Amino acid sequence: MTSRLPFVRLPAVAAQLEELRKSMQPRAERAVAMVRARWYFRAVQSLGRNVAAYGPLSVHNEGEMVLGDRLTFVAGMIPSSLSCHAGAQLFIGPETQFNYGVALEAWQSVRVGARCMFASFVRVGDRDGRHTAPIVIEDDVWVAHGAIIMPGVRVGARSVVAAGSIVTQDVPPDTLAMGNPARNMSLELVARDTGS
């Protein structure tokens, strides 16, 4: 008497395994990114929960660095860098996202609010060689590719800094800052409803 194996459709099983792999891969990548972030930020005074670093980072902390919950650092060609010099403060609010190549440097004070987005190659530094002054970036701000935030600037909530802009003066809330040096324009004018 011969025993027969049940008929199994291999393509169907392969498809199910592939679907399972695809559903689990983002979770596994996030878990690895969270472990990587714990390693990179081991010298930070206060590190929030679920901080993820998907690629290499350069972290230099001699001052006070406080990072909020659910921060994301995206991998790319050039690692992002966070530098907090002796006696300085660097605060980043929760749910903020950083693309690759972002540089944040604090000699006195840099504060970033919640839910901000930083595109690649953004530079935020509170010292430019001539003077040092604190920088404040309020909640829900988007800083586009290659923008530079100069010392002493306050970027208001829900504002947008356009790509390649150099911000040398304060940006009021709900404003688009663009150009070199950046000029401010109300986002209400940019996103006006045409009525159709």
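**Figure 1. Overall view of the predicted model.** The protein exposes about 11300 Å², of which carbon and sulfur atoms supply 56%. The model is predicted. The protein holds 2 helices and 20 strands. Its radius of gyration is 22 Å, whereas a compact globule of 196 residues would have one near 16 Å. Taken along the principal axes, the box filled by the C-alpha atoms is roughly 90 × 55 × 25 Å. Buried residues account for 38% of the 196 residues. Of the contacts between residues at least 6 apart in sequence, 23% join residues at least 24 apart.

Figure 2. The strands follow the order 1-4-7-10-13-16, and their pairing is parallel. Strand 1 (46–47) and strand 16 (154–155) stand at the edges with a single partner strand each, so one side of each has no neighbour in the sheet. At the strand 16 end, strand 13 (residues 135–137) pairs with strand 16 in the parallel sense over 2 bridges. In this pairing, I137 has V155 of strand 16 as its bridge partner.

Figure 3. S109 belongs to strand 10 (residues 109–112). Is S109 buried or exposed? With a relative accessible area of 11%, S109 is buried, because the cut-off for a buried residue is under 20%. Apart from its neighbours within four places in sequence, S109 is in contact with Q89, D126, P134 and I135.

**Figure 4. The salt bridge between R70 and E95.** The structure holds 7 salt bridges. In one of these, the side chains of R70 and E95 meet at 2.8 Å, N to O. R70 lies in the loop between strand 4 (64–67) and strand 5 (72–73) and E95 in the loop between strand 7 and strand 8, so the pair ties together parts 25 residues apart in sequence. R70 is partly exposed, at a relative accessible area of 34%. E95 is also partly exposed, at 35%. The backbone of E95 has a phi near 60 degrees, a positive value in a residue other than glycine. The loop that carries E95 runs between strand 7 (89–92) and strand 8 (97–98).

**Figure 5. The salt bridge between R115 and D140.** The side chains of R115 and D140 meet in a salt bridge of 2.8 Å, N to O. The pair ties together parts that are 25 residues apart in sequence, because R115 lies in the loop between strand 10 and strand 11 (117–118) and D140 in the loop between strand 13 and strand 14 (142–143). R115 is partly exposed, with a relative accessible area of 41%. D140 counts as partly exposed at 32% relative accessibility.

**Figure 6. The salt bridge between D174 and R158.** The closest N and O atoms of the salt bridge between D174 and R158 are 2.8 Å apart. This pair links distant parts of the chain, 16 residues apart: D174 is in the loop between strand 18 and strand 19, and R158 is in the loop between strand 16 and strand 17. D174 is partly exposed, with a relative accessible area of 34%. R158 counts as partly exposed at 43% relative accessibility. Although D174 is not a glycine, its phi is positive, at about 55 degrees.

Figure 7. Strand 17 (residues 160–161) and strand 19 run parallel and are joined by 2 bridges. In this pairing, V160 stands opposite L176. Strand 19 and strand 20 run antiparallel, with 5 bridges between them. Here M178 stands opposite R183 in strand 20. The two strands form a hairpin with 2 residues between them. Which peptide bond is cis? The bond from N180 to P181 is cis, with omega near -5 degrees. P181 is found in the loop between strand 19 (175–179) and strand 20 (182–186).

**Figure 8. A nonpolar patch on the surface.** The patch is formed by V13, L17, L20 and M24, with about 350 Å² of accessible area together. M24 is located in helix 1 (residues 10–40). The relative accessible area of M24 is 41%, so M24 is partly exposed.

How values were computed:
Residues numbered from 1 in each chain as written. Predicted model: local features only at pLDDT ≥ 70, side-chain atom pairs only at ≥ 80, totals over all residues. Heavy atoms only, no water. Patch = residues over 30% accessible without salt bridge, like charges linked within 9 Å, V, L, I, M, F, W, Y side chains within 5 Å. Areas by Shrake-Rupley, 256 points an atom, 1.4 Å probe, with all protein chains shown as cover. Salt bridge = Lys/Arg side-chain N within 4 Å of Asp/Glu carboxyl O. Helix = DSSP H or I, 4+ residues; strand = E, 2+ residues; numbered from the N terminus. Buried < 20%, exposed > 50% of the residue type's maximum accessible area, 1.4 Å probe, protein only. Pairing = 2+ DSSP bridges. Rg over C-alpha atoms; globule rule 2.2 N^0.38 Å. Contact = heavy atoms within 4.5 Å.
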